[in-house]
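Please find below a short note on the structure under review. The points are numbered so that each may be read beside the sequence and the model.

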Amino acid sequence: MDTLEPTPERTVLVLGGGGGRGAAQLGVLRALAERGVRPDVVVGTSVGALNAAAIAAVGLPAAVPLLEHIWASEETRAVFRAQRLQMLANRLRRRPYLRSGQCIRDLVRFAFGVVGFRDFTDLRIPLHVIVTDLGEGAPVVLRDGSHTSLEDALCASCAIPGVFPPVTVGARQYVDGGVTENCGLSTAYELQPTRIIAIDLTADSPVETFSRWEQVLERMMQVALHSRVVADFDRFSSRLPVTLICPRAPIHLRAARVLDFVALRDQAFAATDRLLQRIASADGRLDPGVFYLPVAAEG
């Protein structure tokens, strides 16, 4: 009687979007690396795509210190720093965006230099970058062979509509992948993994009061995004092991300050390390489930 060959392990790591809260994602990644997690495929959206690209280039353990260098850079702070004169000028000119996308492109190119890669063909691990086709209103997954440069893919995945201009590739205009799939569990499932590990950045602690309408709008967006992630987890976790890690990082982040990045990273690392002591086995396997991490609010 023939014996069946065991199915090879195939771990997909999913990194969701979340702006400056991507520093908290970096703390989670450091803890996962120290526990021996080694993804076979990486999926990323928005800031998660930037983090994912470094992992795809050199592997998770080697990527962590390089990402810490990138996050501490002036190029990173420039992306999150308010450019009030530029924003005012673009509003007066009635442009459909507030800022140019050059700061994102500068950061992507800086990251390429730090990590030592430039395109999909340079990567050691397959990378899938989620963007949104603005005209079609649908998610698009860019990868090796998609006829889009990695630079354009990463810039597009971070191009928040209304804040940054779309990235034009051929006849298509791409914007932030978070509009349609902020944490790519659906994309990961289609890759036929044996398990999924995802880091979602849209979870937050309960909020009792709001002092400005912008806070209400931001809270509504956060709730909608996180509800989609939880629904996807419920859908796919009945079919394969899914570990969803959700650091509760503050929404209102003074992200231009490097100290905020460092604090988020270190708090997320400590919380993840405590979590992994409970749910990680010696070979790096994680228990399935949704796990919320306490990350202190800003001081």
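**Note on the predicted model**

1. Strand pairing. The structure is a predicted model. In it, strand β1 (residues 11–15) and strand β7 run in the parallel sense and are paired over 5 bridges. Within this pairing, Val14 is the residue that stands opposite Ala198 in β7. Strand β7 also pairs with strand β8 (residues 242–248), again in the parallel sense, over 4 bridges. Here Ala198 stands opposite Leu244 in β8.

2. The setting of β7. Why is strand β7 described as largely enclosed by the rest of the structure? Buried means under 20% relative accessible area. By that criterion 5 of the 5 residues of β7 (residues 195–199) are buried, so the strand is largely enclosed by the rest of the structure.

3. Thr11 in β1. Thr11 lies in strand β1. With a relative accessibility of 3%, Thr11 counts as buried, because the limit for that class is under 20%. The side chains of Thr11 and Arg195 are joined by a polar contact of 2.7 Å. Neighbours within four places in sequence aside, Thr11 is in contact with Pro39, Asp40, Val41, Thr194, Arg195 and Ile197.

4. Thr148 in a loop. Where is Thr148 placed? Thr148 belongs to the loop between β4 (138–142) and α7 (150–157). Apart from neighbours within four places in sequence, the contacts of Thr148 are with Phe120, Leu142, Ala153 and Val169.

5. Leu66 in α3. Leu66 is found in helix α3 (residues 60–71). The relative accessible area of Leu66 is 24%, so this residue is classed as partly exposed. Not counting residues up to four places away in sequence, Leu66 touches Val58, Val114 and Val115. Leu66 and Ala111 are 45 residues apart in sequence, and their C-alpha atoms are 8.6 Å apart in space.

6. Packing of α1 and α2. Two packed helices are described by the angle between their axes and by the distance between those axes. For helix α1 (residues 22–34) and helix α2 (residues 47–58), the angle is about 35° and the axes are 9 Å apart. The crossing of α1 and α2 is right-handed. Which residues make the contact? From α1 they are Gly22, Gln25 and Leu29, and from α2 they are Val47, Gly48, Asn51 and Ile55. The residues of this contact divide into 3 nonpolar, 4 polar and no charged.

7. The chain as a whole. The chain contains 11 helices and 9 strands. Among the contacts in the chain with a separation of 6 or more, residues 24 or more positions apart account for 75%.

Conventions:
Residues are numbered from 1 along each chain as its sequence is written. This is a predicted model: local features need pLDDT of at least 70, side-chain atom pairs count only at pLDDT 80 or more; totals for chains, interfaces and linings use all residues. Side-chain values use heavy atoms; hydrogens and water are left out. Buried means under 20% relative accessible area, exposed over 50%, partly exposed in between (1.4 Å probe, protein chains only). Helices (H or I, at least four residues) and strands (E, at least two) are DSSP runs, numbered from the N terminus. Two strands pair if DSSP finds at least two bridges between them. Contact means heavy atoms within 4.5 Å. A polar contact is a pair of N or O atoms within 3.5 Å; within protein, one must be able to donate a hydrogen and the other to accept it, and residues adjacent in sequence count only if both atoms are side-chain atoms. Axes are lines fitted to C-alpha atoms, for helices over the stretch in contact, and angles run from 0 to 180 degrees between N-to-C directions. A crossing is left-handed if the near helix is turned anticlockwise from the far one by less than a right angle, and right-handed if clockwise. Ala, Val, Leu, Ile, Met, Phe, Trp, Tyr, Cys and Pro count as nonpolar, Asp, Glu, Lys and Arg as charged, and the others, Gly among them, as polar.
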